[in-house]
Amino acid sequence: MVARVVIAAPSSGSGKTTVATGLMAAFTEAGLAVSPHKVGPDYIDPGYHALATGRPGRNLDAYLCGPGLVGPLFAHGAAGCDLAVVEGVMGMFDGAAGQGELASTAHVAKLLRAPVVLVVDASSQSRSVAALVHGFASWDPEVRLGGVILNKVGSARHEELLREALDSSGVPVLGALRRAPQVRAPSRHLGLVPVAERQAEAVASVAALAEQVRQGCDLEGILALARSAGVWSGDAWDPGAGAVPDGPAGRPVVAVAGGAAFTFSYAEHAELLTAAGAEVVGFDPLHDERLPEGTAGLVIGGGFPEVYAPELSANEPLRKAVAELAQGGAPVAAECAGLLYLTRELDGKPMCGVLDARARMAERLTLGYREAVAVSDSVLAPAGTRTRGHEFHRTVVEPGAGPAPAWGLHTPERRVEGFVQRGVHASYVHTHWAAEPGIARRFVERCAAG
């Protein structure tokens, strides 16, 4: 496979996104074709990765998709590239709760046979950094820790002390970055503010990250490390592998929501819809007053409708168009933000009114992987279908489930959630369709049936 390196850290907040995005941009500006990847279900970081490389940011999630798909999905995304940079998640050995190493950065690095660079927040330590790095280097002998990047270094003297401490560790220092508040991306209740909401500011931030990395990191050493990755053999994932050879009659138009309010989407979903025979057309619910011409089905993914509730509400023509499409029985797949958009109101602002429910901001964040079973037959899956998903929101929908719920979740309270009515499937649970390609095929077939 392509040369590859995983960017990990001892914990969240150490600077993985800063370093990974800066490396992606710096290597891209140097003329390399760089494939960007993110461990876990996160949608926001891949937006910055895409801006840095000009290629879709792709997720590698061993929980949602299973360990067996990590390599094939990586190979699919990295095809034709010179280098792949994989940003980790949380601390290097942190994965799905109660599941051991599953879905951790270390797990994905082993599946890809890729070396790891550890990003260490050095702001409050000097000699102790050697003990920390030694622990991470020796914890799992199957993980190859190939270097360290010291982040948030305070001064030249601080850097000197850190390098001296690490001289005997056997792990080379591949970079040292000073504190630089000007390159930080703003955050809010679900993490970084998505690229689509920052536009020119985000471009400037990524350019600043690239310059910081160029000045502070050994790019030649990191590239040499990436080229030393172990041999991986296997076939790349193919979105058309499970498609029906003849496909549906014609190419039904599937409208996919985008823009600043709906930024959460896996690149593979559109690829699966296209392979299943659909014509995928994007639209922006903040600005477009009508659905794409000939829309036969609608996909509304995640994002931040709570931030844009007044603007979404003000676009009454589109809200009415969505309601009419849903009431007519057309297939509609809505995840999280899409669920909120289909309710009667969000924080008191009128939404599409497809679902007899209301949504509001909440004090607590709901976050975590979920084992789910389809409770009701829907345009996505027959009842009884088992899958894995992820919740990530700070809103509440009341009631949380309709007369025909979407999913039953394997949680302590064994709750049901979501709504299935006519052709609508609306839920808080994000799923990765690469793990269940039959979802896209079933959805497009329902669109074609009219």
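Let us start with Ala3, which sits in strand E1, residues 3-8, where strands are DSSP runs of at least two residues marked E, helices are DSSP runs of at least four marked H or I, and both are numbered from the N terminus. This is a predicted model, in which local features need pLDDT of at least 70 and side-chain atom pairs count only at pLDDT 80 or more, while totals for chains, interfaces and linings use all residues. Residues are numbered from 1 along each chain as its sequence is written, and side-chain values use heavy atoms, with hydrogens and water left out.

Ala3 is buried, at a relative accessible area of 12%, where buried means under 20%, exposed means over 50% and partly exposed lies in between, using a 1.4 Å probe and protein chains only. Leaving aside residues up to four places away in sequence, Ala3 touches Asp82, Leu83, Ala84, Ala226 and Arg227, contact meaning heavy atoms within 4.5 Å.

Now to the cysteines. The structure holds 0 disulfides, a disulfide being a pair of cysteine sulfur atoms within 2.5 Å. Cys65 is in no disulfide, and the nearest cysteine sulfur, that of Cys336, is 18 Å away; Cys65 is also buried, with a relative accessible area of 11%. Cys352 is likewise in no disulfide, with the nearest cysteine sulfur, again that of Cys336, 15 Å away, and at 9% relative accessibility Cys352 counts as buried.
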